[in-house]
Amino acid sequence: MANDTVDFSERRIRRTQGSIYARDYAGAGPALVLMHGFPDNLRIWDDLIPYLNVAGRRVVTFDFLGFGASDKPAGATYSFEQQLGDLKAIADELHLEKIVPVAHDSSGIAAINYALERPERVDSVIMLNSAYSEDSTVLWPEMITLFATHSMHALAVAIAQSPGQFGWLLKWQQEQFGNSLPESQREHFTSFIGPLISQNFLQQPGAGPAFLQMAAQFFQALERNSHNLPLLKSLNTTVKLIWGKYDPYFPLAVAEKRRSQLANASLTVIPAGHWLQTDEPGQVARAMLS
Amino acid sequence: MSPREQFVARSQGRIFVRDYPGTGPAFVLMHGFPDDGRIYDDLIPELVQGGRRVVVFDFLGFGRSDKRPDIKYSFTLQLEDLEAVVDALDLTTLVPVGHDASGPAAINFALDHPERVASICLLNSFYGASPHIRIPELITLFATTSLKALSTAMLSDTEQFDWLLRLQQSAFCDALPKSQQTRFLTTVVPIMNANLSGDHGSRLAFSQITEQLFPEVRKNTARLLQLGPLTVPATFIWGQHDPYLTTGVAQDLLPYFRSPKLECLPAGHWPQLDAPRDVGRLMLRC
């Protein structure tokens with residue numbers, strides 16, 4: 001199923017620093033609001049959406065400010081608070097009384113914090129391979145660690161400013177994700193996710209500034225969220241963890257730990273990688289809709 | 001003035017040593033990473049003219065010493081290299097001189113063998129945790145275990161590693177006064193490049209030892225208070241234009257010694273190359 005067979009209406013939602021781009025696929029609520037991590041954009045959901053659409057569900061997906069087709073104003077300040085604000089703006093402007101925030105990668109932070117702030121407006125939460133709080137057992141992707149480690153800031157900036165270096169790093173990081181996939185999933189990953197991420201940086205204006213700023217705040221955000229862990233135990237919302245087991249960076253142990261940190265969570269394991277929604281969209285849709 | 005060159009044999013390989021005759025206690029000059037004993041070439045004549053015996057050696061895995069791929073390079077191995085050289089040359093008393101990453105060997109040798117140390121001399125170096133310490137980015141990259149896969153990939157890709165090396169060298173060079181930059185580019189840079197560029201050399205020793213940097217600093221931090229009872233005098237000779245191991249690092253370490261002296265010079269991270277005459281004059285007072 002290709003996404004171009006599914007109709008959606010395009011929206012631009014005003015935020016203080018610029019507008020964010022959203023796609024709204026008609027269907028029955030509560031709407032599934034699909035969020036991306038960094039450094040990618042809403043197109044990571046393209047393979048999955050037709051399955052959700054066929055099942056009759058309303059789906060909303062958007063690019064965070066600074067990514068994809070959303071504005072990238074010169075001098076913008078990007079933060080995890082701003083990303084949470086983006087999600088709130090989407091829910092408010094589209095009049096979504098109740099939503100199912102669906103997290104992938106770094107948008108796990110917005111998903112859970114939204115549920116903590118607005119429990120009455122959340123039907124349930126779905127988390128694919130994603131981050132929320134500090135976890136000393138996790139090996140974050142090296143490219144993120146490099147840009148997130150303040151003592152290497154000068155090196156990270158020099159790499160970001162050299163297209164040759166940045167391209168090498170991006171390619172190397174993609175290989176790390178790709179190499180851990182089964183042979184059958186590798187080609188689609190290489191031909192779809194690889195270019196999607198590269199394009200995110202190459203297009204002008206690109207996602208570079210948002211990526212650099214978000215990565216630099218990543219470790220502090222995780223640390224801040226660690227203080228919220230006691231609150232998760234009293235969160236009544238159902239949380240579905242749907243996890244690709246071939247992710248070299250967000251292994252199953254992360255999902256199992258998160259399940260133990262939540263009051264009401266289930267875990268479905270998918271034979272797929274970090275971008276499971278594109279590796280095995282059918283299986284992910286089934287788990288989401290079950 | 002030519003030194004007696006020799007190799008000191010250890011079970012892990014042979015250590016290349018140059019021994020310049022003179023009166024004791026001998027200065028034993030140690031290098032950091034990624035360089036070798038040649039960083040002292042401009043300083044040695046000053047010390048020899050002062051009548052002193054000077055011993056300089058390359059740690060295993062660096063310079064002209066053996067670089068066996070089957071051994072484990074570590075800070076402990078470097079301390080043992082120093083002990084092996086001191087024993088082989090029968091130096092009853094000495095002045096261990098630590099620069100950069102050989103600060104730990106100099107200080108730990110003094111703690112382990114106080115009776116053999118006439119005084120300690122450190123040039124832009126480090127030992128334990130220090131609020132002012134800033135580790136060069138190239139070193140931090142290789143010292144961060146969560147980046148091991150990335151640093152290994154960059155080390156094995158000549159183009160990538162050369163880029164990193166050039167970037168790091170520029171950071172050191174840019175911090176120097178204009179008058180010292182050419183000297184830096186014609187002395188330090190070729191030594192570093194010879195050690196690390198190309199398809200062999202000190203890369204293995206460099207990456208293995210760097211990986212142990214943070215644990216080594218932690219281990220040394222636990223020994224800082226043992227420095228108090230040490231009666232050995234300590235001289236810190238510091239280039240002020242070092243953007244990483246700043247004079248603040250020396251000032252952090254100073255209070256742990258009983259009789260420390262700090263001498264700051266208008267030089268960079270390698271004061272022995274930037275200002276050899278001044279460094280020699282100050283060392284001869286050690």
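## Close-up views of the two-chain model

View 1. B:Pro34 sits in the loop that runs between β3 and α1 (44–49) of chain B. Helices here are DSSP runs of H or I with at least four residues, strands are runs of E with at least two, and both are numbered from the N terminus. Everything shown is a predicted model, where local features need pLDDT of at least 70 and side-chain atom pairs count only at pLDDT 80 or more, while totals for chains, interfaces and linings use all residues. Residues are numbered from 1 along each chain as its sequence is written, chains are lettered from A and ligands numbered from 1 in the order in which they are written, and side-chain values use heavy atoms, leaving out hydrogens and water.

View 2. Most residues other than glycine have a negative phi, and most peptide bonds are trans. The peptide bond from A:Phe38 to A:Pro39, though, is cis, with omega near 5 degrees. A:Pro39 belongs to the loop between β3 and α1 (49–54) of chain A. Then there's A:His95, which is not a glycine but has a positive phi of about 55 degrees. Look for A:His95 in the loop between α2 and β5 of chain A.

**View 3. The open sheet of chain A.** Eight strands line up as β1-β2-β4-β3-β5-β6-β7-β8 in chain A, with mixed pairing; two strands pair if DSSP finds at least two bridges between them. At the edges are β1 (9–15) and β8 (265–270) of chain A, each with a single partner strand, so one side of each has no neighbour in the sheet. On average, neighbouring strands of this sheet are turned by 20 degrees against each other, direction ignored. (Axes are lines fitted to C-alpha atoms, for helices over the stretch in contact, and angles run from 0 to 180 degrees between N-to-C directions.) Zoom in on β2 (residues 18–25) and β4 (residues 57–62) of chain A, and you'll find an antiparallel pair with 4 bridges. A:Asp24 has A:Val60 of β4(A) as its bridge partner.

**View 4. Helices on the chain A sheet.** Helix α2 (residues 80–93) of chain A packs on the sheet and touches β1, β2, β3 (28–34), β4 and β5 (99–105) of chain A; contact means heavy atoms within 4.5 Å. The direction of α2 makes about 125 degrees with that of β1(A). Helix α10 (residues 252–261) of chain A packs on the sheet too, touching β6 (125–130), β7 (239–244) and β8 of chain A, and its direction makes about 170 degrees with that of β7(A).

**View 5. Helices α6 and α7 of chain A.** Helix α6 (residues 163–179) and helix α7 (residues 183–202) of chain A pack at about 150 degrees, their axes 10 Å apart. That makes α6(A) and α7(A) roughly antiparallel to each other. (Angles under 35 degrees count as roughly parallel, over 145 as roughly antiparallel, 65 to 115 as roughly perpendicular and the rest as oblique.) Among the contact residues are A:Phe166 and A:Leu170 of α6(A), along with A:Phe189 and A:Phe201 of α7(A).

**View 6. Where the chains meet.** Chain B and chain A each bring 15 residues to their contact. About 1400 Å² is buried between chain B and chain A, with 74% of that area from carbon and sulfur atoms. (Buried area is the accessible area, with a 1.4 Å probe, that two parts lose on being put together, summed over both.) B:Glu137, B:Leu150 and B:Trp163 supply 35% of the area that chain B buries against chain A, more than any other three residues.

View 7. Helix α5 (residues 153–161) of chain A and helix α6 (residues 158–174) of chain B pack at about 125 degrees, with axes 11 Å apart. The two helices, α5(A) and α6(B), are therefore oblique to each other. On one side are A:Leu155, A:Ala158 and A:Ile159 of α5(A), which meet B:Trp163, B:Leu164 and B:Leu167 of α6(B). The contact of α5(A) with α6(B) comes out as 6 nonpolar, no polar and no charged residues. (Ala, Val, Leu, Ile, Met, Phe, Trp, Tyr, Cys and Pro count as nonpolar, Asp, Glu, Lys and Arg as charged, and the others, Gly among them, as polar.)
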